[in-house]
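Please open the structure in your viewer and keep the selection tool handy. We will take a short walk through it, one stop at a time.

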Amino acid sequence: MDMWKGYYGKEPFDLRLAVLRMAYRLPLIGVVTILGTLLIGGGYYAKNALQGERTYEAVSSYRVEYAVDNVEDMMNVYVNEMSWNTYMQSGMFLDAVSGHLARSGGEEISREELAGAVYAQVLSDIRLPSTTVTTDDPEKSVRIAQAVEAAMTQELAAQMSEIDYMTVIDSGDTAAEVRPVLRMRRVSMFGAILSFLSVLAILLLKETGDDCIWLPASIWRRYGIKVAGTIESRELAENMGYFFRREGQALDGPDRAVAVCAVQEGLDVEAVLKRLRERCPDSVGDEWFAVPSPIGDPAVARRLREARGILLAVRAGSHAGRALERVLEYLGQQDCPVTAAILWDADEKLLCRYDFVRTGGRERKSKR
């Protein structure tokens with residue numbers, strides 16, 4: 001006899017089935033999305049709000065009078081924010097700040113720490129720069145801010161020819177704790193989208209990579225085996241009568257019956273045969289018999305060779321294809337031709353929705 005030919009992996013991707021399967025898993029997708037949002041958002045909050053070191057900043061504001069004759073010339077000589085920070089990182093300025101700190105008493109602060117603690121800003125008016133000192137101690141921030149004010153208005157103003165004079169208009173005599181700017185809404189939205197797309201991609205990869213069988217048509221497309229349908233199919237009785245008709249069959253005889261063979265181990269094939277007799281009384285006779293899966297009991301091949309036809313009962317679900325392949329390979333080697341298959345334990349609601357989407361809401365077709 002000819003060996004069966006498998007077409008698994010060659011059939012086109014079934015988008016309708018994939019969408020329906022994802023709809024069935026919406027509760028799982030929702031739970032994972034919520035957990036991912038909480039994990040990413042909570043981690044971000046814990047890192048930035050709970051575990052971050054406290055810092056304190058003292059801000060000083062200045063009034064700069066440039067050495068110009070009129071306001072129009074000021075645009076040619078003003079000092080921008082980048083230049084202010086360049087001057088403040090210079091050795092001359094840091095040495096001046098260190099000198100003022102030494103004269104005020106207190107602990108000595110290195111040049112590297114001063115350079116990392118001080119920066120300047122020019123927000124709107126070019127004549128109103130500001131300096132900010134940030135450290136992990138409020139008193140230290142105030143001390144450095146006072147020394148920076150003295151260096152700005154004395155040494156730096158004297159060294160810069162563009163400046164006529166500079167005065168402090170708002171002294172940094174107090175330090176405020178720096179509150180981290182938390183973008184919880186943006187981070188939570190990112191976490192939700194990332195979690196949703198991740199779980200969706202994983203489920204789709206699992207669905208496409210798994211040899212699952214959910215539709216009767218999958219058995220025909222992948223393995224070339226005729227399918228009677230499911231136990232609730234409207235076309236089941238007609239298909240069973242056609243597939244196992246007695247007329248014209250060379251092996252027909254009173255002592256030869258049809259065997260209902262389980263594919264997966266543990267499948268209650270007796271229950272399958274009982275339901276077949278209830279659903280198809282005209283074609284399923286009392287002489288039909290049930291045998292377990294050849295995977296668990298290879299000796300059943302002897303009984304199958306004595307049958308005039310073989311009906312494979314395939315339980316729907318994941319990894320059904322792998323079990324069906326093993327059974328087909330074994331039966332092919334044992335010269336046991338398979339007549340047809342039936343999909344057992346199929347999700348009838350899924351099949352109804354699948355046919356509803358396929359037909360655009362019209363009445364279901366007779367073939368699944």
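Predicted model: local features only at pLDDT ≥ 70, side-chain atom pairs only at ≥ 80, totals over all residues.

Residues are numbered from 1 along each chain as its sequence is written, and side-chain values use heavy atoms, with hydrogens and water left out.

**Colour by confidence.** The protein chain has an average pLDDT of 86, and 89% of its residues score at least 70; pLDDT is the predictor's confidence in each residue, from 0 to 100. Now select residues 247-254, where the pLDDT is below 50 and the model has 8 contacts beyond near neighbours in sequence (contact means heavy atoms within 4.5 Å). Residues 363-368 also have a pLDDT below 50, with 20 such contacts.

**Select Arg103.** You are in helix α5, residues 91-104 (helices are DSSP runs of H or I, at least four residues, and strands are runs of E, at least two, numbered from the N terminus). Arg103 is exposed, at 61% relative accessible area (buried is under 20%, exposed over 50%, partly exposed in between, with a 1.4 Å probe and protein chains only).

Most residues other than glycine have a negative phi. His319 has a positive one, near 65°. His319 sits in the loop between β9 (309-315) and α13 (320-333) and is partly exposed at 47%. For Asp345, phi is positive too, near 60°. Its loop runs between β10 (340-344) and α14 (348-358), and Asp345 is exposed at 53%.
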